[in-house]
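Take a look at the model below. Follow its strands before reading on.

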Amino acid sequence: MNPPVRLIRAEELAEADPTPGMRRRLAFQAPGLWAGQVLTQPGAVSGWHHHDTNVTSLYVVRGVLRLECEGVEGFVDASAGDYLEVPAFTVHRESNPTDEVSLAVIARAGTGAPTINVDLPPPPHR
């Protein structure tokens with residue numbers, strides 16, 4: 001029988017699906033769910049990537065998470081307390097325009113690969 005709750009302490013998070021410029025850490029997975037966090041250093045810009053068939057939710061805990069994505073001119077900045085939704089297959093990249101490490105909690109719903117890194121930026125960022 002499974003315990004009714006499971007506590008995953010910060011020091012127990014596992015390094016997860018790398019993309020250059022960001023550090024993802026996995027808390028746990030369940031069928032159709034991936035949960036963890038992403039840390040982005042000041043001034044860092046990630047590589048372009050998407051999350052396959054997964055819909056991704058990001059909750060910004062600390063700092064600013066800047067998101068550039070296909071079909072959007074410029075960027076969207078999310079600050080502490082904000083949520084971002086990234087639809088499945090949306091090619092994007094994150095960055096941190098501030099001098100503070102940003103921290104966001106990630107929840108992905110779906111069964112595809114957690115992260116697929118791509119070589120080229122999508123329009124209109126080419």
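This report covers a sheet, a cavity and one arginine.

The model is predicted: local features need pLDDT of at least 70, side-chain atom pairs count only at pLDDT 80 or more, and totals for chains, interfaces and linings use all residues. Residues are numbered from 1 along each chain as its sequence is written, and side-chain values use heavy atoms, with hydrogens and water left out.

**The sheet**

Six strands form an open sheet in the order 1-2-3-10-5-8, with antiparallel pairing. Strands (E, at least two residues) are DSSP runs, numbered from the N terminus. Two strands pair if DSSP finds at least two bridges between them. Strand 1 (14–19) and strand 8 (83–86) stand at the edges; each has a single partner strand, so one side of each lacks a neighbour in the sheet. On average, neighbouring strands of this sheet are turned by 30° against each other, direction ignored. The axes behind that angle are lines fitted to C-alpha atoms, and angles run from 0 to 180 degrees between N-to-C directions.

Alanine 35 stands opposite alanine 107 in strand 10. Tyrosine 59 has valine 105 in strand 10 as its bridge partner. Leucine 58 has leucine 84 in strand 8.

**The cavity**

Rolling a probe the size of a water molecule over the atoms shows where empty space is left. A cavity is a set of points, on a 1 Å grid over the protein atoms alone, where a 1.4 Å probe fits but cannot get out; lining residues have an atom within 4 Å of a point. Grid points are joined across faces, edges and corners, and a volume is the space filled by probe spheres set on the points.

How many cavities of 30 Å³ or more does the structure hold? It holds one. The largest cavity has about 40 Å³ of space. Its lining includes Met22, Leu58, His92 and Arg108. Strand 2 (22–30), strand 5, strand 9 (92–95) and strand 10 (102–109) each give two or more residues to this lining.

**Arginine 66**

Arginine 66 lies in strand 6 (residues 64–69). Its side chain makes a polar contact (a pair of N or O atoms within 3.5 Å, one able to donate a hydrogen and the other to accept it; residues adjacent in sequence count only if both atoms are side-chain atoms) with the side chain of aspartate 77, at 2.7 Å. Leaving aside neighbours within four places in sequence, arginine 66 is in contact (heavy atoms within 4.5 Å) with residues including Phe75, Arg93 and Pro97.

Methods:
Helix = DSSP H or I, 4+ residues; strand = E, 2+ residues; numbered from the N terminus. 1 Å grid on protein atoms, 1.4 Å probe; cavity = no way out; pocket = protein on both sides within 12 Å on 5 of 7 lines; lining within 4 Å.
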